[in-house]
Amino acid sequence: MPVTMRAIKMMNIEAPIVLKIAAEKFPQAIVGKIWRYLSDRTPNGDAGRFQTDVDKIELGAPAALDGKLFLVEGVVLHQNDNPPTSYEVMVTVQQGNFILHQEVPQEQGSGRISNQDMTFQYRFTLVK
Amino acid sequence: MRVEERRKRMPAPSGEVKGAADELQRFAMGVMKQNTKNVYRSSRYINLSFKTLYAMYLALFIVGMVSSVLAIYKGLTDPQIASVATLGGLSIASFLSLFLTRPLESLERTSIFTSWLTAVMNTYWSRLMYFSDLTTIDRDLDDATKDLVNHLKAMAETHTAALAKYQPPSSAEPAPSYSPPAQDYPQPTETPSADTAPLPEPSGEASENPPFETSIMTRSLRALQETPQRSDSVLQKLNKRGQPEF
């Protein structure tokens with residue numbers, strides 16, 4: 001599957017960018033990290049971590065994030081479900097309370113889970 | 001205490017304003033009293049539902065037992081096949097209903113949900129009781145309400161999932177045991193450490209079939225027991241590996 005990166009346009013307001021990652025349709029445990037990169041794909045450190053009970057991560061002010069790339073790397077933890085249960089990870093990029101973009105990651109962002117953890121990834125960039 | 005201090009610092013309302021404030025206070029007290037009544041009523045309703053369910057299962061069991069004894073007795077003493085068949089059918093229907101609806105599982109699930117609900121409500125009311133900082137009261141109340149709604153939502157979802165996952169046993173295979181064997185509950189020490197456990201690679205459907213749990217409550221218990229350790233383990237592994245290429 002080709003790696004896709006979503007370009008998300010920020011609004012012209014000062015409200016901070018917030019990332020929300022949650023398994024909304026079925027209660028599944030998720031955990032993971034968000035990595036930040038410069039526009040030339042140079043690693044720029046860790047932008048935050050998320051867990052089932054901490055699903056909102058503030059990425060920072062729009063001015064500082066223009067052109068930055070982000071990689072969401074997460075794991076849906078299995079609970080030995082039989083029959084396998086469905087999962088769907090929803091990634092929401094907000095600016096303040098406004099939803100800029102909402103999407104289920106194409107790379108393993110949804111499916112069924114039984115006895116193996118499922119890794120999902122989501123790439124996006126923020127532009128003014 | 002802090003509320004009292006702040007009230008002392010506030011200027012005393014005069015005339016009409018004071019009347020309106022008293023009216024508002026009386027209204028708030030009325031709302032609180034009504035809320036208290038609702039909480040008691042909900043609690044009674046939950047207990048009554050549980051007792052009714054328990055009584056109905058017990059009645060079903062007693063009907064099955066009595067009708068089976070009567071069927072045997074009639075079969076030995078009464079040559080008429082109709083009465084024996086009726087009693088025997090009633091007995092079989094009762095016992096089949098018991099096996100198919102699995103009352104013990106249902107009762108266990110209900111009791112756990114009741115405890116969960118009690119804990120959530122206790123937390124909510126305790127938080128309300130200890131809020132005393134007027135400068136943050138809006139945020140505190142909002143947080144408490146959001147937490148309560150999230151807990152109730154999670155409970156409702158788990159309950160729905162439990163009902164959705166419920167599958168009556170087929171006649172060809174024995175009913176799965178509700179209590180899983182001890183090895184299905186690995187202790188935290190058995191959780192793969194960050195050093196040894198590889199990160200799961202993106203792959204398709206799960207292929208292996210180790211012993212599975214059959215109950216949603218088992219799933220919830222496992223989740224409560226293991227998820228924090230497993231989450232930490234995954235995060236440690238990600239930190240240790242470092243930032244990947246984009």
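Modeller: pLDDT is the predictor's confidence in each residue, from 0 to 100. This is a predicted model, and it scores ipTM 0.86 and pTM 0.45.

Colleague: Which elements of chain B have the lowest and the highest mean pLDDT?

Modeller: The lowest belongs to helix α1 of chain B, residues 2–9, with a mean of 54. The highest belongs to helix α5 of chain B, residues 137–165, with a mean of 82. Chain B as a whole averages 70, and 65% of the residues score at least 70.

Colleague: Where in chain B does pLDDT stay under 50?

Modeller: Over residues 167–197, and again over residues 200–214. For residues 167–197 of chain B the model has 27 contacts beyond four places in sequence. For residues 200–214 of chain B the number is also 27.

Colleague: Turning to chain A, what makes up the secondary structure?

Modeller: Chain A has 1 helix and 10 strands. Along the sequence the pattern is β-β-β-β-β-α-β-β-β-β-β. Of the contacts in chain A with a separation of 6 or more, 72% are between residues 24 or more positions apart.

Colleague: Why is N80(A) called buried?

Modeller: The cut-off for buried is 20 or more other C-beta atoms within 10 Å. N80(A) has 20 C-beta neighbours inside that distance, so N80(A) counts as buried. N80(A) is found in the loop between β6 and β7 of chain A.

Colleague: And why is Q108(A) called buried?

Modeller: Because Q108(A) has 23 other C-beta atoms within 10 Å, and 20 or more is what the term requires. Q108(A) sits in the loop between β8 (98–103) and β9 (110–113) of chain A. In chain A, 37% of the 128 residues are buried.

Colleague: How do you know that the peptide bond from N82(A) to P83(A) is cis?

Modeller: From omega, which is near 0° for the bond from N82(A) to P83(A). Most peptide bonds are trans. P83(A) is found in the loop between β6 (69–77) and β7 (85–95) of chain A, and N80(A) is also in the loop between β6 and β7.

How values were computed. Residues are numbered from 1 along each chain as its sequence is written. Chains are lettered from A and ligands numbered from 1 in the order in which they are written. This is a predicted model: local features need pLDDT of at least 70, side-chain atom pairs count only at pLDDT 80 or more; totals for chains, interfaces and linings use all residues. Helices (H or I, at least four residues) and strands (E, at least two) are DSSP runs, numbered from the N terminus. Two residues are in contact if their C-beta atoms, placed from the backbone, lie within 7 Å. A residue is buried if 20 or more other C-beta atoms lie within 10 Å of its own, exposed if 12 or fewer, and partly exposed in between; C-beta atoms are placed from the backbone.
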